[in-house]
Amino acid sequence: MPERHITVQRRMAASTSSVWALFADFPHLASHWSGLRATSAIGNQTSGVGARRHVKLKPIGSMDETVTTWEEGRRIDTENHPSVSVPFNRAETTLTLEPDNQGTLATFDYRYVPRGGPIGRFTGPLIDKMLTATFTEMLAATEEAALANGGER
């Protein structure tokens with residue numbers, strides 16, 4: 001099954017440092033984004049390469065994520081470890097933040113391999129559409145939270 005790739009971008013009015021602060025609080029993504037049921041740390045490391053979190057997805061399912069790249073203030077990559085309730089064999093993310101005029105340009109890349117052989121070929125476009133909407137909402141919620149925390153420039 002070939003890998004699928006989604007990219008979502010958002011120009012945010014919030015400062016890069018305020019947006020980074022939310023994503024760098026790695027175990028607590030669900031505290032500002034209602035698109036997840038819950039997130040929590042796995043182990044004692046909560047930031048940097050090797051940090052892990054458990055993600056409870058909506059409406060059902062869960063997976064674990066491990067940070068594979070951490071560039072302070074700029075980039076976080078993760079490797080996702082799907083469970084049987086997630087329709088992917090594997091998935092990886094890259095989040096980059098760049099100063100942009102009076103705010104931040106956030107780019108979220110998601111690469112995944114759907115489960116299901118030939119059926120996965122049919123479900124891939126539907127999953128892409130669902131994930132694009134989900135990640136667009138995540139970036140919007142993060143901007144709103146950053147601005148609420150005083151992140152205007």
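This is a predicted model: local features need pLDDT of at least 70, side-chain atom pairs count only at pLDDT 80 or more; totals for chains, interfaces and linings use all residues.

Reader: OK. Where is Arg53 found?

Author: Arg53 sits in strand 3, which covers residues 52-57.

Reader: Is Arg53 buried or exposed?

Author: Buried. Its relative accessibility is 9%, and buried means under 20%, so Arg53 qualifies.

Reader: What does the side chain of Arg53 reach?

Author: It reaches the backbone oxygen of Phe26, at 2.6 Å. The Arg53 side chain also makes a polar contact with the side chain of Glu65, at 2.5 Å.

Reader: Which residues does Arg53 touch, leaving out those up to four places away in sequence?

Author: Phe26, Pro27, Leu29, Ser40, Ala41, Ile42, Met63, Asp64 and Glu65.

Reader: New topic. What volume does the largest pocket have?

Author: About 610 Å³. It is lined by 31 residues, and the closest to its centre are Leu36, Leu57, Met63, Leu131 and Phe135. Met63 is also one of the residues that Arg53 touches.

Reader: Which element gives the most to that lining?

Author: Helix 2, with 6 residues. Helix 2 spans 118-148. Other elements that each supply at least two lining residues include strand 3, strand 4 (62-71) and strand 5 (75-82).

Technical notes. Residues are numbered from 1 along each chain as its sequence is written. Side-chain values use heavy atoms; hydrogens and water are left out. Helices (H or I, at least four residues) and strands (E, at least two) are DSSP runs, numbered from the N terminus. Buried means under 20% relative accessible area, exposed over 50%, partly exposed in between (1.4 Å probe, protein chains only). A polar contact is a pair of N or O atoms within 3.5 Å; within protein, one must be able to donate a hydrogen and the other to accept it, and residues adjacent in sequence count only if both atoms are side-chain atoms. Contact means heavy atoms within 4.5 Å. On a 1 Å grid over the protein atoms alone, a cavity is a set of points where a 1.4 Å probe fits but cannot get out, and a pocket is an open set with protein on both sides within 12 Å along at least five of seven lines; lining residues have an atom within 4 Å of a point. Grid points are joined across faces, edges and corners, and a volume is the space filled by probe spheres set on the points.
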